[in-house]
Amino acid sequence: MNEAANPGANRAAAAAASPAPSPPGGEDDPALAALQAALSAEHAAVYGYGVVGGRIAEDRRAQAREAHDAHRARRDVLRRAVRRMDAAPESAAAAYSLPFPVPDGAAAVRLAAELEERVAAVYADLVRAGEGGLRREAAAALRETAVRAARWRGTGVPFPGLAERAAQASPESL
């Protein structure tokens, strides 16, 4: 993912460059950066599930609709959390690039699994950066995305949110 979606790299660079930590909620706040990255990933997932829904086979359409609704709900929760930190929530892009063509139902299933894996990665960052209720919500979201990814893929991964970092794709390129 891009630098905004990989707040761990940004936090490490910021910590090395500045001797004193920023006040909570400031623009250099690691929790806020991770929260904004999660919001950007949710925007991308909502867009991506629009594509999935248009290509998925009828027997999995309800599953795609439930995932789409879940990502919209998480997106809205994240927007409110950003506002509670006195920041402006990241806006959705007008469109996102897909990681591969999605001409049919099989490709739509692969895209759905990919969306969940990428969202899991940013929630793993938010778990690490957050505290208290924010950390609990991020962990719940990470668990939900891991379960959905396993359902789409047919198998799980040992550490959801960590293996996905290898892709290092931006939210703009689902």
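1. Helix axes here are lines fitted to C-alpha atoms, for helices over the stretch in contact, and angles between N-to-C directions run from 0 to 180 degrees. By that convention, the axes of α4 and α5 cross at roughly 160° and come within 8 Å. That makes α4 roughly antiparallel to α5; the scheme calls angles under 35 degrees roughly parallel, over 145 roughly antiparallel, 65 to 115 roughly perpendicular and the rest oblique. The crossing of α4 and α5 is left-handed, a term used if the near helix is turned anticlockwise from the far one by less than a right angle, with right-handed used if clockwise.

2. On the source: this is a predicted model, in which local features need pLDDT of at least 70 and side-chain atom pairs count only at pLDDT 80 or more, while totals for chains, interfaces and linings use all residues. Residues are numbered from 1 along each chain as its sequence is written, and side-chain values use heavy atoms, with hydrogens and water left out.

3. The protein chain has five helices and zero strands, in the order α-α-α-α-α from the N terminus on. Helices (H or I, at least four residues) and strands (E, at least two) are DSSP runs, numbered from the N terminus. Of its 174 residues, 44% count as buried. Buried means under 20% relative accessible area, exposed over 50%, and partly exposed in between, with a 1.4 Å probe and protein chains only. Among contacts between residues at least 6 apart in sequence, 78% join residues at least 24 apart; contact means heavy atoms within 4.5 Å.

4. Which residues meet where α4 packs on α5? On the α4 side they include Val109, Ala112, Ala113, Glu116 and Tyr123, and on the α5 side they include Leu134, Arg135, Ala138, Leu142 and Trp152. Threonine 145 is in helix α5 and is buried, with a relative accessible area of 1%. Leaving out residues up to four places away in sequence, threonine 145 touches His71, Glu116, Val119, Ala120 and Tyr123.

5. Valine 127 belongs to helix α4. Its relative accessible area is 22%, so valine 127 is partly exposed. Beyond its neighbours within four places in sequence, valine 127 is in contact with Arg135, Ala138, Ala139 and Leu142. Valine 127 and alanine 34 are 93 residues apart in sequence, with 8.7 Å between them in space, C-alpha to C-alpha.

6. The other helix pair to note is α2 and α3. Their axes are 9 Å apart and pack at an angle of about 155°, and α2 and α3 are therefore roughly antiparallel to each other. α2 passes α3 in a left-handed crossing. Arginine 75 lies in helix α3 and counts as buried, at 15% relative accessibility. Not counting residues up to four places away in sequence, arginine 75 touches Leu39, Glu42, His43 and Val46. Arginine 75 and histidine 43 are 32 residues apart in sequence and 6.7 Å apart in space, C-alpha to C-alpha.

7. How many aromatic pairs does a search of the whole structure find? There are two. Tyrosine 47 and tyrosine 96 form a tilted pair, 5.3 Å centre to centre with 55° between the planes. This pair links distant parts of the chain, 49 residues apart: tyrosine 47 is in helix α2 (residues 30-55), and tyrosine 96 is in the loop between α3 (61-84) and α4 (105-129). Tyrosine 47 counts as partly exposed at 31% relative accessibility, whereas tyrosine 96 is buried at 8%. Rings of Phe, Tyr and Trp (its six-membered ring) pair if their centres lie within 6.5 Å; planes under 30 degrees apart count as stacked, over 60 as edge-to-face and the rest as tilted.

8. The rings of tyrosine 49 and tryptophan 152 have centres 6.4 Å apart and planes at 40°, so this pair is tilted. Tyrosine 49 in helix α2 and tryptophan 152 in helix α5 (residues 132-153) are 103 residues apart, and the pair links distant parts of the chain. Both tyrosine 49 and tryptophan 152 are buried.

9. Two local features remain. The charged end of arginine 110 sits over the ring of phenylalanine 100, 5.3 Å from its centre; this requires NZ of Lys or CZ of Arg within 6 Å of the ring centre and within 35 degrees of the ring normal. Aspartate 86 has a positive phi of about 60° although it is not a glycine. Most residues other than glycine have a negative phi. Aspartate 86 lies in the loop between α3 and α4 and counts as exposed, at 75% relative accessibility.
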